[in-house]
Amino acid sequence: MRKLLILLVLISGSIIAQPTSYGNFKVADQEIIYQKVFTEDSITAAKLAEHYKKLDFVSNLKQTSTGVQFDMNDLIVDYKKFQFSQVGTPPIIQTGKYSGKVSVDVRDGRYRVTVNQIQMTGNIGYKNITAKENLTNYATKNSGTLLHPDWCKPNTLGLLDQAFTDKLQYPGKGKEDW
């Protein structure tokens with residue numbers, strides 16, 4: 001009987017467990033960050049720096065020995081590109097502009113993109129955010145230790161994940177937009 005009770009407690013605890021990650025977003029040190037590893041043959045910090053210099057939302061780009069760092073400013077999510085309707089997309093994704101600090105580290109045919117200090121402006125439905133505010137304040141709960149369930153949806157963090165991946169991925173050979 002005692003073993004059955006312990007088993008029920010363990011099962012119920014895992015069912016109500018709250019998420020700390022969704023897609024490539026995760027909570028680390030009470031902050032929501034985006035982190036993804038891409039595979040690309042013969043990728044170098046110089047190639048990445050050249051690519052990111054061309055993007056209109058990139059500023060303050062610095063090349064380091066192991067990668068690049070830059071500021072991402074006012075990235076807009078093109079929800080229609082990812083086949084989401086206007087009705088099915090939250091206002092903050094439709095109107096939002098996202099900014100943050102990006103570091104890209106290169107190692108052995110792979111590179112890891114990390115976006116932290118993510119901030120946003122836009123209409124969240126109940127509030128119009130005109131000055132940049134931390135995404136962590138809205139997308140997490142319990143003082144930034146858990147992701148908020150309202151944001152753990154394909155049309156919210158899922159769509160933001162797709163947009164960050166699309167904008168921050170190196171196009172690679174034969175993938176250039178011509």
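**Reading contacts, burial and helix faces**

Tutor: Let's start with Thr156: leaving out residues up to four places away in sequence, Thr156 touches Pro90, Ile93, Asp150 and Trp151. Contact here means heavy atoms within 4.5 Å. Keep in mind that this is a predicted model, where local features need pLDDT of at least 70, side-chain atom pairs count only at pLDDT 80 or more, and totals for chains, interfaces and linings use all residues. Residues are numbered from 1 along each chain as its sequence is written, and side-chain values use heavy atoms, with hydrogens and water left out.

Student: Where is Thr156 found? And is Thr156 buried or exposed?

Tutor: Helices (H or I, at least four residues) and strands (E, at least two) are DSSP runs, numbered from the N terminus. Thr156 sits in the loop between strand 10 (146-147) and helix 5. Buried means under 20% relative accessible area, exposed over 50%, and partly exposed in between (1.4 Å probe, protein chains only). Thr156 has 4% relative accessibility, so it counts as buried.

Student: What about a nonpolar core: which residues touch the most other members?

Tutor: A nonpolar core is a set of buried Ala, Val, Leu, Ile, Met, Phe, Trp, Tyr and Cys residues joined through side-chain atoms within 4.5 Å. The largest one has 44 residues, and Tyr52, Val113, Phe164 and Leu168 touch the most other members. Helix 5 (residues 157-168) gives the most to this core, with six residues. Beyond its neighbours within four places in sequence, Phe164 is in contact with residues including Phe25, Tyr34 and Met72.

Student: Which residues of helix 2 are buried, and why are they on the same side?

Tutor: In helix 2 (residues 45-53), the buried ones are Ala45, Leu48, Ala49, His51 and Tyr52. They cover an arc of only 165 degrees around the axis, so they are on the same side of helix 2. That arc is taken from the directions from the helix axis to the C-beta atoms. Among the elements that the buried residues of helix 2 pack against are strand 5 and helix 5.

Student: And polar contacts? Which side chain does Asp71 join?

Tutor: A polar contact is a pair of N or O atoms within 3.5 Å; within protein, one must be able to donate a hydrogen and the other to accept it, and residues adjacent in sequence count only if both atoms are side-chain atoms. Here, the side chains of Asp71 and Lys101 are joined by one of 3.1 Å. Asp71 lies in strand 5 (residues 67-76) and is buried, with a relative accessible area of 15%.
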